[in-house]
Amino acid sequence: MNLKQNHFEIFGVPEEFDVDLDALEKRYLELQREVHPDRFAAASKAEQRVSMQLATRVNEAYETLKYPLDRAEYLLRLADVDPELETNTAMPPEFLAAQLERREALEAAVAAGDWERLIALSSELRVEEDALLGRLGRQLDARDWDNATASLRQLKFLEKFSEEIDSAEEGLET
Amino acid sequence: MSLMQISEPGQSPEPHQRRLAVGIDLGTTNSLVAAVRNGISVVLPDQDGQGLLPSVVRYLPDGHTVVGHEAELAQARDPKSTIASVKRYMGRGLKDVAHAENSPYDFVDSPGMVQLRTAAGVKSPVEVSADILRALRARAEETLGGDLAGAVITVPAYFDDAQRQATKDAGKLAGLNVLRLLNEPTAAAIAYGLDNASEGTFAVFDLGGGTFDLSILKLSRGVFEVLATAGDTALGGDDFDHRLYCWALEHARIGPVSPTDTRLLMLSAREAKENLTSHASTQLAATLSTGEPVELTLTASDFAAMTETLVAKTLQPVRKALRDAKLAPHDVDGVVMVGGATRMPHIQKAVAEFFGMPPLNNLDPDQVVALGAAVQANVLAGNRADGEDWLLLDVIPLSLGIETMGGLAEKIIPRNSTIPVARAQEFTTFKDGQTAMAIHVVQGEREKVSDCRSLGRFELHHIPPMVAGAARIRVQFQVDADGLLSVSARELTRGVEAAIAVKPSYGLGDAEIARVLEESHAHAADDMEARALAESRVEAEQLVAATESALGSDGDLIRAEERARIDSALADVRQRLQGVDRRALAAAVSALNRATEPFAARRMDRGVARALTGRKVDAIAED
């Protein structure tokens, strides 16, 4: 392993959207066993610095490959495609309409303190996310960057909404 | 030692090379020190056989300091100069201190951290904590019969950067080599997991004297992986005492009481609380300084009712951590109870109901944190035993970010990221010719900066003047394995490494530590300089041994001119070891460290490659 390798190379897994999460975790732990700063607490400052750099790098690579959206974004970047997640907010109109409806449902559930409805909303969301993730994976593997980027942006949108449901749940608890 | 660990992770040093290391639980109410002796982690008792050292420090007008039981007994008599629960004030400003008005102390509001006025002058919480640590260090060195090579100090998982930094500073001030700050629930999980050879997902419910933590860990094949952590750094057994104290004031119909009586009633309240652990009712009795008697009968159900909101408050972080770990209560295989306050029967009941299973209490909740910390300290000091091959992966508890336009906090590293972790963000200038930029670093989950904790303000200077928006400034956040943050910045278009001025708003600056060390030096009997020289010598000897062994096993990785540089740096260290000039020795050691850095990196690569090649072959064979 060295600092110039990309995330996939570090873990020795193929550069594609579907990764074997068990193999990834196994390799991650093997690498951390070698480089983690706990192994070098009594070592020279030079080794401690190298160890922190490598362990940080391994963590970064693992976090990125573990989460599908981060993995997708990373694949796009490796292909030199800028997904413009911060700047480009264009979405298909039917997607936006569905989200608007969903937002109204969330607001109504919060206003009514309806816990059950919040839980239901969050599982509906998960079903949609899973379907969209499947599509994203196929688009990435087909190197259909434009449509993959569009799917990723929609998934990012859903992820944010899911966080809002979480904080609404938290709000109802207090 | 270290260099050997790459090629032979299981190797343990010869007994005479064992380095003495301890785990310290620096608690709100009590502190403990533990060490691994003959392969078993044990709490080190004082001369009277007591393991727990009350975290109470009394400052006498003549400059003497009393720590522990004797100080605790003086609390009611000398409340202003006898400091208890100082952990609550670590890295905290006056406005953050709960119940300050009910506390007997004379707080001094100072920038960053609150201070306390005592008979021996104004003390910062870092100094008070250092006095507790010093007492534990003395106990450990006496029991173990030698100087300590290092210590692991535990902190609540939910401690923020300022509180961690303050704890590390206290360790330094007490003359300890702090090997690692370890999260308390993680320490407990190590002790529990190694003791029970457990596998699965565990929740650690840690209710101490002043802090509450909840961590979710996955234990599998020797890996302790923290999935999520949540908590409340201002919730603990003390709050239950305080509720009871308020109840006593109300029911005994007494008005405002003196600081002495406050202390007295708080102690009676705590005693009553402890009695209720094994009885259905108890007496709360005390005689005030006015001669007025207080005598009340308290039942367990009264107590449960008056502290119901506190119990409910512990369940909020439990839900949050589960949500962050994407788990439901029934996904948890066991709940480990830690901290003296978890002895309260109604806490046990609430936890059992929430998780749908009785919690695990098979290790002493007062000792388990120190025991786990000692195991970690022993391994970190380089005393890893054969077959002891576990790995700990911990997380940061709170998101780190910076202030952006409109007073909003932008997260750069999200909470529950596995450490060590680094993230970078790019910024630009908004004015033509702008050469400086202020960066405000904050920690917390809220959107508004004013609701987060301010960690420090950084100023970036010498940006080359350009038109607005042309400069590209990369700000890098690095969190180390202690959970401590450092920030660096660089202007990318011209490649200028810009200077960053760090003004810590919490914790002691290095200059301040030096000052306090100097002051303690003035009336300390042991010669600090001699001690420092001895420590530098040990470090230098270890480095020489490690370098020689590395050259022996991996000498083929170095080119001739690099070898010459290393050899000359080695010779210099050896020569300095003969003398008594500590600074010259330290300079030679860091020169050797610098000279071996590229070599260390290549050795690490080789170690990793070796480890992975071996396993790749296995993996192919399996397929």
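Figure 1. Rings of Phe, Tyr and Trp (its six-membered ring) pair if their centres lie within 6.5 Å; planes under 30 degrees apart count as stacked, over 60 as edge-to-face and the rest as tilted. In the pair shown here, the ring centres of Phe224(B) and Trp390(B) are 5.8 Å apart and the planes stand at 80°, so the pair is edge-to-face. Phe224(B) belongs to strand E15 (residues 223-232) of chain B and Trp390(B) to the loop between helix H11 (368-380) and strand E19 (391-393) of chain B, so the pair ties together parts that are 166 residues apart in sequence. Helices (H or I, at least four residues) and strands (E, at least two) are DSSP runs, numbered from the N terminus. Phe224(B) is buried at a relative accessible area of 4%, and Trp390(B) is buried at 7%. Buried means under 20% relative accessible area, exposed over 50%, and partly exposed in between (1.4 Å probe, protein chains only).

A note on reading these views: this is a predicted model, in which local features need pLDDT of at least 70 and side-chain atom pairs count only at pLDDT 80 or more, while totals for chains, interfaces and linings use all residues. Residues are numbered from 1 along each chain as its sequence is written, chains are lettered from A and ligands numbered from 1 in the order in which they are written, and side-chain values use heavy atoms, with hydrogens and water left out.

**Figure 2. Phe11(A) and the largest nonpolar core.** A nonpolar core is a set of buried Ala, Val, Leu, Ile, Met, Phe, Trp, Tyr and Cys residues joined through side-chain atoms within 4.5 Å. The largest one has 51 residues, and Phe11(A), Leu136(A) and Leu140(A) touch the most other members. Helix H7 (residues 145-173) of chain A gives this core its largest share, eight residues. At least three residues come from each of domain 1 (7-66) and domain 2 (93-173) of chain A, whose C-alpha centres lie 31 Å apart; the domain bounds come from an automatic or database domain assignment. Beyond its neighbours within four places in sequence, Phe11(A) is in contact (heavy atoms within 4.5 Å) with residues including Leu24(A), Arg27(A), Leu31(A) and Val58(A). Phe11(A) also forms one aromatic cluster with Tyr28(A) and Tyr62(A).

**Figure 3. The hairpin of E16(B) and E17(B).** Strand E16 (residues 281-287) of chain B has a covered face made of Thr282(B), Leu284(B) and Ala286(B). Its uncovered face holds Ser281(B), Gln283(B), Ala285(B) and Thr287(B). E16(B) pairs with strand E17 (residues 293-299) of chain B in the antiparallel sense over seven bridges; two strands pair if DSSP finds at least two bridges between them. Look for Ala286(B) opposite Val294(B) in E17(B). Five residues sit between the strands, and Gly291(B) takes a positive phi near 90°.

**Figure 4. The hairpin of E25(B) and E26(B).** Strand E25 (residues 473-479) of chain B and E26(B) are antiparallel partners over seven bridges, with Gln476(B) opposite Ser488(B) in E26(B). On strand E26 (residues 485-491) of chain B, the covered face consists of Leu485(B), Val487(B), Ala489(B) and Glu491(B), and the uncovered one of Ser486(B), Ser488(B) and Arg490(B). This hairpin has five residues between the strands, among them Gly483(B), with a positive phi near 85°.

Figure 5. Within helix H10 (residues 345-355) of chain B, the buried residues are His346(B), Ile347(B), Gln348(B), Ala350(B), Val351(B) and Phe355(B). Gly356(B) follows H10(B) and has a positive phi, near 70°.

**Figure 6. A three-stranded open sheet in chain B.** The strands come in the order E8-E9-E10 (chain B), with antiparallel pairing. Strand E8 (107-108) and strand E10 (121-123) of chain B are at the edges with a single partner strand each, so one side of each is left without a neighbour in the sheet. E8(B) and strand E9 (residues 115-118) of chain B are joined by two bridges, and Val108(B) has Gln115(B) as its bridge partner in E9(B).
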